[in-house]
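Thank you for making time for this. I would like to take you through one structure, going from the whole chain down to single residues, and I will begin with a term that we need on the way.

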Amino acid sequence: MKKFLTTIKNIFAIDDLRVRILNTIGFIAIFRLGSYVVLPGVDPNQLKANTTGLFGLLDTFLGGAFSNASIFALGIMPYISASIVLQLLTIAVPYFQKMQKEGESGRKKINQITRVLTIVITLAQAVGFVATINAEAIAINQTLFTITSMIVLTAGTIFCMWLGEKITDKGIGNGISMLIMIGIVSRFPGALLAEGASKQLNGALIFLFELAVLFFVVMAVIMLTQAIRRIPVQYAKQVGGSSLYSGQRQFIPLKVNAAGVMPIIFAQSLMFLPSMIAGLWADTSETANYIGSTFSDFTSWQYNLVFGLLILVFTYFYTAISVDPNRIAEDLKRSGGFIPGVKPGRATSEYIDAILTKITLPGAIFLALVAIFPAIAMLFGVTREFSQFFGGTSLIIMVGVVLDTLQQIESYLLMRHYDGMMKSGKLRGRTENIAMVS
């Protein structure tokens, strides 16, 4: 406890870090406040929250702003969608590939295109969102409400983008990820209280067991997020004047889960298609009814089997597009580095690709298990709201953002010659000597 209090004191003793923390808290407070400002023309007393399927997932990410019909109802999600689209275009379209290689100017162009695409996506999603609001809650003309809501929701998303950028520039960590994480965390106290109330006094032991399971699941996700495979790299000896400098021994860190949370997001979006398509023939086909009911229930074994297989496929796909062994091999060759026992160039690329393929399989399997664990938790009696924190997108995002934030605070402390945040354990990047050749 004394060590913890000393660390907190050291954190707030650094002027720049203290200001960044206070700025982050202020921006987050504004974001949460906006989640309760209802759209003009909506009677909040008549709202009926739709938190099933995709709507429930969005509401979790947005901290209840979706079900509240607030001005931040779409939040930062259109920007995430636009970023994913641009990321895929930079891989498939030569024009965007060339733009990405232009350095800072190219990144500025891509960011500008992303913002414009965000506005287009927000306008389209705003129409769909208005359609989900029950008519009894709309107190003005439907056409006028739709037009004003499109404008307000688009402005709200742009403001959330601005808040995210400000948190990145003036605060701590990746602002966009921070806003998503805060939206998810804001639902945790309510879900925890609801779970405890549902168990009552005779279920207190079961509730404590659930908390213990949740703790170990979080620890497992941290291990998945932090796990790396080190590939040793040797740099050739260099001559400087009359001195001979021996080559440095470093390593390339290949993450076991290089794809992060993206495979779950891609797979989750596709899992809504079977029930939507089956709904077109629901009145004429018993098979369509069966498919629709089966894939609308995320606790069914059919749903989770397909969901898990999609995550395996998308993990390999996203890892392939996010980690380029050829570029790593070229960067090594250009900097005079080589992997001991492996020839530079193509042989190095093939060696890295082979290792990446091997470590991706256990990472993909573990990611699939984490994704379906909320469904398993529900089968054992955990409430729907609380089960979302036992795995899936929510837990991985929370763990990733918290670890990233801790790393940034750790770097500030170490730069000022303070002790790190923990005596035992290591935050990735704290003391390792990493060759940045990714």
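This is a predicted model: local features need pLDDT of at least 70, side-chain atom pairs count only at pLDDT 80 or more; totals for chains, interfaces and linings use all residues.

A residue is called buried when its relative accessible area is under 20%, exposed when that value is over 50%, and partly exposed in between.

Asp 331 has a relative accessibility of 19%, so Asp 331 counts as buried, whereas Arg 334, at 62%, counts as exposed. These two residues form a salt bridge with each other, and the closest N and O atoms in it are 2.8 Å apart. Both belong to helix α15, which covers residues 325-334, and because they are 3 residues apart there, about one helical turn separates them.

Now to the chain as a whole. The protein chain has 438 residues, of which 42% are buried, and its secondary structure comes to 18 helices and 5 strands. If we take the contacts between residues at least 6 apart in sequence, 70% of them join residues that are at least 24 apart. The chain exposes about 23300 Å², and carbon and sulfur atoms supply 65% of that area.

Is Arg 20 buried or exposed? With a relative accessible area of 19%, Arg 20 is buried, while Asp 16, at 35%, counts as partly exposed.

Helix α2 also has a part in a surface feature. Phe 4, Leu 5, Ile 8, Phe 12, Leu 22 and Ile 25 form a nonpolar patch on the surface, and together they have about 570 Å² of accessible area. The elements that give two or more residues to this patch are α1, residues 2-13, and α2, residues 15-34. The largest share comes from α1, with 4 residues, and Leu 22 is a patch residue that lies in α2.

Next, the packing of two helices. Helix α13, residues 286-296, packs against helix α14, residues 301-322, at an angle of about 70°, and their axes are 7 Å apart. Since angles from 65 to 115 degrees count as roughly perpendicular, α13 and α14 are described in that way. On the α13 side the contact is made by Tyr 290, Thr 294 and Phe 295, and on the α14 side by Gln 302, Tyr 303 and Val 306.

I will finish with Val 218, which lies in helix α10, residues 204-226. Val 218 is partly exposed, with a relative accessible area of 21%. Leaving aside residues up to four places away in sequence, Val 218 touches Leu 395 and Val 399. Val 218 and Met 398 are 180 residues apart in sequence, yet their C-alpha atoms are 9.7 Å apart in space.

How values were computed: Residues are numbered from 1 along each chain as its sequence is written. Side-chain values use heavy atoms; hydrogens and water are left out. Buried means under 20% relative accessible area, exposed over 50%, partly exposed in between (1.4 Å probe, protein chains only). Contact means heavy atoms within 4.5 Å. Accessible areas come from the Shrake-Rupley method with a 1.4 Å probe; for residues, only the protein chains shown count as cover. Patches are made of residues with over 30% relative accessible area and no salt bridge: like charges are joined within 9 Å, nonpolar side chains (Val, Leu, Ile, Met, Phe, Trp, Tyr) within 5 Å. A salt bridge is a side-chain nitrogen of Lys or Arg within 4 Å of a carboxyl oxygen of Asp or Glu. Axes are lines fitted to C-alpha atoms, for helices over the stretch in contact, and angles run from 0 to 180 degrees between N-to-C directions. Angles under 35 degrees count as roughly parallel, over 145 as roughly antiparallel, 65 to 115 as roughly perpendicular and the rest as oblique.
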